[in-house]
Amino acid sequence: MLTLLLLLTDGPGQGGGIARYNLDLLHALALAAGVGQIHVLCRNGDANASVPEKVRQLIVRPGKIAFANTALSMVRALPDDTLVFCGHVYLAPVALVIKKLLGLRFWLQLHGIDAWSRPSKLRALACSNASFVTSVSRYTRRRFLEWCPLPDDCIKVLPNTVGGAFQVQPARESSEFCLRLLTVGRLAAGEAYKGQDRIIKALPELIKRIGECRYQIVGQGDDMPRLVALAVALGVSQSVEFLSSVSASELPKIYAQADVFVMPSTGEGFGITFLEAMASGLPALGLGVDGSVDPLANGDLGWVATEDTLVDT
């Protein structure tokens, strides 16, 4: 039976697309034939989060050195044929050290913007030593191959998925027309590329053309004050609603109340929320400049716009 050591930035119990991807992968690996014990080492996670029975999870918060030392200690106690899964480019140097010291293979996972440009020399060297690589989208795979010398056939696309909680709901009844737009995503200043500000800027023209609009923004982070100020400055604050505390169980209901999902991002590795929206029966709109084109199937499953045609689309 194969033993696995998973090195993760965001583990079970964390929010965000990477954490959800890791949790889905963890459950799939636990069900896979030939996989035995699974050891998970996380930089961020919840020690009380629910994980499959064969999974042993450990969380190390202090810093990079503590994480690397713990990883080495763990893997030395595991079988000699253990496969190391490196869940993020940022952790690749740790996987490289394990490979050089103990000769273990490592599988590298690519998510998004972190893998699009050549990183530091150490991270680039570590990535080029991976035995196998999976990417959440074709776009991220292509950008990675532009700087990493690994063979094409070593890198496969393993996309995001969604569970059964997201389903088509009965049509919302209303006596008055009001276009309800929705974006779900972190409001971190470092992820302003998600494009909530682009929709806020488009609202005056949308309202002028079609009448009443309601834009709900689900997410929290340090970029919220900027977005709130932008809505006020454009005179559309009454049309924008920030929902910062939405639980996983409440999210399907939020999707069900909307008319269109919009996330004109320029930095998505994939964009799992597009899948959640479409599984809930919502038409979804994104830009054709990042990994969003994968869940939108290049426009076959959703709308692919440009920044100049957001309102027209």
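The questions and answers below set values computed from this predicted model against the definitions behind the terms.

Residues are numbered from 1 along each chain as its sequence is written. Because this is a predicted model, local features need pLDDT of at least 70 and side-chain atom pairs count only at pLDDT 80 or more, while totals for chains, interfaces and linings use all residues, and side-chain values use heavy atoms, with hydrogens and water left out.

Q: What makes tryptophan 116 and tyrosine 139 an edge-to-face aromatic pair?
A: Rings of Phe, Tyr and Trp (its six-membered ring) pair if their centres lie within 6.5 Å, and planes under 30 degrees apart count as stacked, over 60 as edge-to-face and the rest as tilted. Here the centres are 5.0 Å apart and the planes stand at 80 degrees, so the pair is edge-to-face. A search of the whole structure finds 7 aromatic pairs.

Q: Why is this pair said to tie together separate parts of the sequence?
A: Tryptophan 116 lies in the loop between β5 (106-110) and α4 (121-128), whereas tyrosine 139 belongs to helix α5 (residues 138-145), so the pair joins parts that are 23 residues apart in sequence. Helices (H or I, at least four residues) and strands (E, at least two) are DSSP runs, numbered from the N terminus.

Q: How do you know whether tryptophan 116 is buried or exposed?
A: Buried means under 20% relative accessible area, exposed over 50%, and partly exposed in between (1.4 Å probe, protein chains only). Tryptophan 116 has a relative accessible area of 5%, so the residue is buried; tyrosine 139, at 15%, counts as buried too.

Q: Why is the pair of phenylalanine 166 and tyrosine 255 called edge-to-face?
A: The ring centres of phenylalanine 166 and tyrosine 255 are 5.7 Å apart and their planes stand at 80 degrees, so the pair is edge-to-face. Phenylalanine 166 lies in the loop between β7 (155-157) and β8 (179-184) and tyrosine 255 in helix α8 (residues 251-257), so this contact ties together parts that are 89 residues apart in sequence.
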